[in-house]
Amino acid sequence: MFPIQKLPGTSAAGHINQKPLFVRHESTNNVIDNIENKYYPSLEKDFILKDSIRSAFHRASVFFNKANRPDVITDSACRASDIRTMRTRLSAYIDNMPDDLEKELDEAKADGDLVTVQRIYAELVAKTYQDPLSLQEQTSRQTTSASPETIEIISETEDKYIEGAPTFCGEMSYLFYHFLCQEGVDPNEMRVICFTQEDPHIDPDSLNNHALIIYSSNKELLKKMENYCGVGEHHDHDGSYSHFIDICTERNQEKDVLLLIDPWNRDNKIIDPLIKDRVFEYIKNSNKDEQKIEKIFLKHLVDTILIESEVLPQDHNQYDFNDLWEASICIDKPIDSSSDESEGDYQS
């Protein structure tokens, strides 16, 4: 995720600098249309999951103020202080959560139950953004209340939408995770994961990172990622990106469903490794080892996301299929066991 920063500026003539305009509902409708038009082969294996993801995108669209994407312009009134305000409110929710929820969280942390920790954190993020006061006080002009009852109406009609509070990749991922849970997706089949830039010339606190969601119907793969990729930004393992690709490649392609869901992406991206394109055909024609073909192709797909989010440099050649692992990955640990004030490893 990018550090907190101002939105793209304007030229002397008053024109916005050359940045593609993000069209909120167009991009949301496109991904929903893709789902309905059977674009993602993996979702055709599980129609309940398919409907849940479609509904989650529909509900989450009201929160798609992707304020710190360099290629997205959503609201010129958004300030860097706005996201800090939202995170302060989130910290307040964490500090003042109901006793029963705090007890459940403490037990989960003591047991190393990362699934419950992420689920509770996602619930608190959702409460922060669905609080009408948070939204009204957050922006410099009147905003709409994003209560659960109004989300469906708002997201369907562009002219009824007024920009809400900004979201970075971490907040957006946990909001989407929360909606998936509400739509019936088993949280044991999901993790919020965080990729971090690797560059010895950059201060570790200034490295770009990016959070998104991995879904796997094979729960053992996710548990294995916790062991081999690490949990929490400061506990990732050497070669974690390589381990991540290897573990994903171990899935049963005929049986298992594996998806990477990036709701903070400019195009609300779903990566389904079963979608084979020209790059796959190129890799296939250059290799005979099926597992290696799958590994290289999957790395290419993930690299694309990381280039877009600046975890990998823009001049990174994802078509150079050697073993360049220029990023690390960990399972996000949003509320550190040593401090209830932690805002999540993806936070700046």
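Q: Is Lys50 buried or exposed?
A: In this predicted model, Lys50 is buried, at 7% relative accessible area.

Q: Which residue does Lys50 form a salt bridge with?
A: The general idea first: side chains of opposite charge can pair when their charged atoms come close. Here the partner is Glu44, with the closest N and O atoms 2.9 Å apart. Glu44 itself is partly exposed, at 23% relative accessibility.

Q: How many salt bridges turn up in the whole structure?
A: The search finds 15. One of them pairs Arg54 with Asp51, where the closest N and O atoms sit 2.4 Å apart. These two are three residues apart in helix H2 (residues 47-60), so about one helical turn separates them.

Q: What about a pair between separate elements, say Lys224 and Glu250?
A: Their closest N and O atoms are 2.9 Å apart, and they form a salt bridge. Lys224 belongs to helix H9 (residues 219-229), while Glu250 is in the loop between helix H10 (240-249) and strand E3 (258-262), so the pair ties together parts 26 residues apart in sequence. Salt bridges can also share partners: that is how Glu36, Asp51 and Arg54 join into one network.

Q: How many disulfides are there?
A: A disulfide is a covalent bond between the sulfur atoms of two cysteines. The count here is zero. Take Cys194: its closest cysteine sulfur, in Cys330, is 5.1 Å away, too far for a bond. Likewise, the sulfur of Cys248 is 7.9 Å from the closest one, in Cys229, again too far.

Notes:
Residues are numbered from 1 along each chain as its sequence is written. This is a predicted model: local features need pLDDT of at least 70, side-chain atom pairs count only at pLDDT 80 or more; totals for chains, interfaces and linings use all residues. Side-chain values use heavy atoms; hydrogens and water are left out. A disulfide is a pair of cysteine sulfur atoms within 2.5 Å. A salt bridge is a side-chain nitrogen of Lys or Arg within 4 Å of a carboxyl oxygen of Asp or Glu. Buried means under 20% relative accessible area, exposed over 50%, partly exposed in between (1.4 Å probe, protein chains only). Helices (H or I, at least four residues) and strands (E, at least two) are DSSP runs, numbered from the N terminus.
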